[in-house]
Every structure is written in structure tokens, then in C-alpha cells.
Amino acid sequence: MHRRAAVSTPVTSSKVAASRERRRLRNNNLINGGAGSIGVPYNGHSNLHHPSDGGASRKKLFIAAGTLSVGIISGLWIAALYHVTTNTEGDGSEGGPGSGSKISFPTLNTLRRIRKDVQNTNSRPFSVGNDVPLQIYDNPYTPEALKKNPYLGWQPKIPSPDRSFSWRTCFKAKPTEDGINQPLGCRENPNTFGKAPAVDKSWIPDVTMLRTMLMYGKDINGNPFPPPLDKELCENIAVQGGKQGDTNKECLREAMIRPTGNLNSTTVTIYPSNHFGVDGDADPITLPAPKLMCLVYTMADAHSNRIQGMRETWAGGCDGFLAFSTESDPRLPAISLEHDGPEEYTNMWQKVRSIWRFVGENYLEDHDWFFIGGDDLFVMPHNLKTYLASLTHKDGSDPKTKEYFVGRRFNAGGNDYFNSGGAGYALSQATLRKFLANIDDAQHCSAKAHTSTEDVMIARCLRYLGISFTDTRDSKGRERFHPFAPGTHLHWQHDESDWYEQYNKEWGVLTGKDCCAPDSVSFHYVKKASMVRHMQALLYSCDTQDI
């Protein structure tokens, strides 16, 4: 039976007090192994030998003081770990926040990662590493915020662990399945979602909700967000779940693909000369991260699997995220828009036109860049922000006023250049504004066309408007936006008759470890939510030796 997911009650004063206590502990430098952390030696009385009675008294006093000090220090450390690793807020469900039944301490690997992050602020983050969310923000789930968006903080309940469950089982399903036959542990079954709440036609989605949840590190019930990813996802897992042939993992390792920073970071560190054809070896520069909105076109039967996989992994790295679907669901968020013609692949251009129109009318001034792609796309948002910031810094420009059309350029022949829709492409605010001013131009912008080639259509329109593609390769000619999964690019077999070779004839196709830039942005044809979680774990959660 389907059921409507309920929204929990607003936070209480006890939760505010808990939040203040966490801030106090952070200010005392206790959470991440500050002064007084684990490992302080206790010498006891064996090193305090004095012959006189007065010396014995002093010895007892010294021992008592030492014991008290170590006890206080250890207690504070444990309290800090408690705040980091347990849920102190929520509805008191079994094993969840507020139950008071169990305290969960970090594993040895977690402690190692905490120490590593203290030493290197650019290492993998807690809040997006699906390991230990680091609380650094006040609780966003206030009565005022929930009045504006009742579904802020919503997250379907994570099934209780089953010892017999293996993530490998999740990989065996066909990519086209809706998840109804998947084990609950796969987090793809639509029965865990219930019926989508109704919205009226004037509803404007809160596209910042996933970003808010990621920055806070918890959902409204106090559970970690994004949800933890199991250690098993760090193993070799092929497309069908086997232990051999994990070419995606092989590519991440061989091409040394890594995040450029934490998904919750508000800054980026750029290398100004890391662009194809740019000379020099300039020092890295840290800049504010540009505001990025991510747009995904999808269908309702993908909400519980592909879209849920995105929102539980990389989507919160975008400052705004919105799925455009055949059914609205404010919990995701996803919206269904009317457009000319039927809802089918051969009419994708009209659907994308409606997407750009809606985004322009409601979110244009809130973001610097707008990135669009399908629901079989894996994205590294911080890498994208880093590249975009580097691009505008190199050009001395502002995306609010400078037109950019960024992605994986193809040439279908002659002057017919376009950016691959499969790999995703980005428009600067200035480009979107100019496109919207001409969106209904039937002659130059194909306003009446019904076709699947939306990427070709928008490229032709932008070219008419004087906006060309950007060469997004790095300084060594390696690509950042990828129309296939990582393993396909790593092991690509050259065939001059293949369309992909033809479309890249002008630039050539690099294979092996040079197939993909270390700061790659996106990969297409990552169709299974389980594979999205696998790649997210490899990039953000797993120890280096696991990759």
C-alpha cells in the first residue's frame, strides 16, 4: 500500500540547546582530536615515589588531580565523539535519533580519516563522505522554514541493516526497472516513498533544499544526510555486481580522478593554466565558488531509484537542484511541466525548452551557472564549480554578463558544433538570459521543432546568437565532460567508422589513463542508482588504498 510520507514536527528547545553545545565543543577544539584527545598517557602512581608521609600526601593529591584531569579530558573527548557519531535529534524511532538506547562510536578507519582531515583541510569531507556528518551549521528546520517548504529535510526511512544483504544484489536489476523488485536495502523500492504529495500549478519548488540538508549534515529526523554508504561499496563491483571487471573503478584509479574539494565547500582552488592551449604555471588561487544550479530531466518511475540515488550522493553539491519529470513531487524536489507535444524521447527538445523557460522565470538571478543533463548522469559538482571559476578567472569575465556554452563539444560535420546532451552542458547566466529572449524564434531557434536532438537544437540557436562552444580540455588535452561511463572511456577501442570517432575527429580521442582529466566533471550512462552510490563511495568515502 502506498502512504503519504509525514513531515516531522519542528525542532524543540532541547535541540537548540544541543546545537549550542556542539558549537561550544567545536570552539574548544575537541571534536576533531584537539587538545585532550585520545592517547593521553596516564602514568598513575608508579612514577611518583616519595619516602616521607608529606610526600605521600602530595602524591595522593597529585594522583587525584591527575586522575580528575584525565577523566575530564577523556569525558569531553567522548562527548565530542558522541555528538559527531550519534543522532541527538529526531522522532525516537528504533536505532534513530532520540531513542537513547545506543551510543555509536567511530570505527578505527573513521578516526584515521578524522585525523587526516585535521591535517589536510582539502581531504575528503565528513558531510559528503557518507561517513560522519560534521555539524557546523544551526538547525535549518525552523518553523518559519518549514512553513515555506514543509518537505525541507524529508528523507525516506533507511531500512534496518540485514546481515544477509549485499549491495551486489542491487546491481543485478535492469537499468529500466522501477525498483519495485529490489531489496529494501538497495534504497530503490518505490514502496518506501509512498504517494507523492499533491501540489498546485502555481507551485515553485525550493531548489536549495538538498544543499541545505547537505550543509547541515542531517535530515529533519536527525539522521545523517547524505545517508552513510556501506564499506562494501568500496570493493570491486562490476556492472552486474561481480567481483571482477570493475572498469569504472579501474578508470578512477588509472586516470587519478579525484574531487577538487568537499561538496559542502563554499570556495574553490583553481589552477589558472590548466586549460588546453594556455601556457604558464601559475600558482593556485582560492576563490569563492560560483553558484550552480543542476537540472535533470527524468520520468516518474525513476524517482525512487535514479533520482533518489542522485539526491543521496552528489545533488547536494549543487546550490540548486531540480528534477523535471512526468509527476511533481515536492519531497525530491521534482516538477512536471507542460510543453508542446507528447511526453516522449522524440520530443525531448520541447521538454528542454519548457525547462529553460521555467528556470529563467524563477531562478535566473539566483545562480551564475545552469547545468542540465539526464537521470543517467553522474556529476562531480565541486569539480564543475572549480572548472567554471577557473574559466572565468582566465578570461577575466563574469558569468552574469559573459556568454558561455560549456560541455563536451562534438562536430557533426561542417560548422555543426554542439555540446553533448548526454555528458551534460552548462549555460552561464548571461547565455540563458540571451537564449530566453529568443526562445520563441521559430526560424533560428527551432521553436516549433519536435526532435530528440535537443543538444543540437540549442547549439544552433546559440550559434545564431553569436555564442560558441568552449574547449573544456585540460592543459594536457584530457576531457572533463564524458558521454560514456568511466570504464568505456578507459578501454575505448579506436574505430574510425564509429560516430563517436567521427564527432571527435577534429580533436582526436584519448584512451587509457589519458582518457579523462583528473578533475573530470561528469559521466554519462551511469544508469543504475547502485553504480552512482558505488562511484560516490569510491570518490568521497573509501580509503585511498580501496580505489
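Reader: Which hand does the link of Cys-294 and Cys-318 have about the S-S bond?

Author: In this predicted model, the sulfur atoms of Cys-294 and Cys-318 are 2.1 Å apart, and the two residues form a disulfide. Cys-294 sits in strand β3 (residues 292-297) and Cys-318 in the loop between α7 and β4, so the pair links distant parts of the chain, 24 residues apart. With -80° about the S-S bond, the link is left-handed.

Reader: How many residues apart in sequence are the parts that Cys-234 and Cys-542 tie together?

Author: Cys-234 and Cys-542 form a disulfide with their sulfur atoms 2.0 Å apart. The angle about its S-S bond is -95°, which is left-handed. Cys-234 lies in the loop between α5 (209-216) and α6, and Cys-542 in the segment after α15, so the parts tied together are apart in sequence by 308 residues.

Reader: Is the disulfide of Cys-445 and Cys-461 left-handed or right-handed?

Author: A disulfide joins Cys-445 to Cys-461, S to S 2.1 Å. Cys-445 belongs to helix α11 (residues 442-445) and Cys-461 to helix α12 (residues 454-464), so the pair ties together parts 16 residues apart in sequence. Both cysteines are buried. The torsion about the S-S bond is about 60°, so the disulfide is right-handed.

Reader: What pattern do the disulfides of the chain follow, with bonded cysteines counted along the chain?

Author: The chain has 4 disulfides. Counting bonded cysteines along the chain, the pattern is 1-2, 3-8, 4-5, 6-7.

Reader: Which cysteine has the sulfur nearest to that of Cys-251, which is in no disulfide?

Author: Cys-251 is buried, with a relative accessible area of 0%. The nearest cysteine sulfur is 3.8 Å away, whereas a disulfide needs the sulfur atoms within 2.5 Å. That nearest sulfur belongs to Cys-515.

Reader: Which elements do the buried residues of α15 pack against?

Author: Helix α15 (residues 529-540) has 12 residues and reaches 16 Å from its first C-alpha to its last, close to the 16 Å expected. Of its 12 residues, 12 are buried, so the helix is largely enclosed by the rest of the structure. Those residues pack against α6 (247-254), α7 (303-311), β7 (377-379), α13 (486-490) and β13 (522-524).

Reader: Which residues does Ser-530 touch, not counting residues up to four places away in sequence?

Author: Ser-530 is found in helix α15. It is buried, with a relative accessible area of 0%. Beyond those sequence neighbours, Ser-530 touches Cys-170, Phe-171, Glu-188 and Leu-233.

Reader: How far does the backbone nitrogen of Ser-336 lie from a polar atom of the side chain of Ser-328?

Author: Ser-328 is placed in the loop between β4 (320-325) and β5 (334-336). At 17% relative accessibility, Ser-328 counts as buried. Its contacts outside four places in sequence include Trp-203, Ile-335 and Ser-336. From the backbone nitrogen of Ser-336 to the side-chain polar atom of Ser-328, the distance is 2.9 Å.

Reader: Over which residues does pLDDT stay under 50?

Author: The mean pLDDT of the chain is 81, and 75% of its residues reach 70 or more. Where pLDDT is low, the predicted coordinates should not be read in detail. The stretch with pLDDT under 50 is residues 1-135.

Definitions and conventions:
Residues numbered from 1 in each chain as written. Predicted model: local features only at pLDDT ≥ 70, side-chain atom pairs only at ≥ 80, totals over all residues. Heavy atoms only, no water. Helix = DSSP H or I, 4+ residues; strand = E, 2+ residues; numbered from the N terminus. Expected span 1.5 Å × (residues − 1). Buried < 20%, exposed > 50% of the residue type's maximum accessible area, 1.4 Å probe, protein only. Contact = heavy atoms within 4.5 Å. pLDDT = per-residue confidence, 0-100. Polar contact = N/O pair within 3.5 Å; in protein donor to acceptor, adjacent residues only side chain to side chain.
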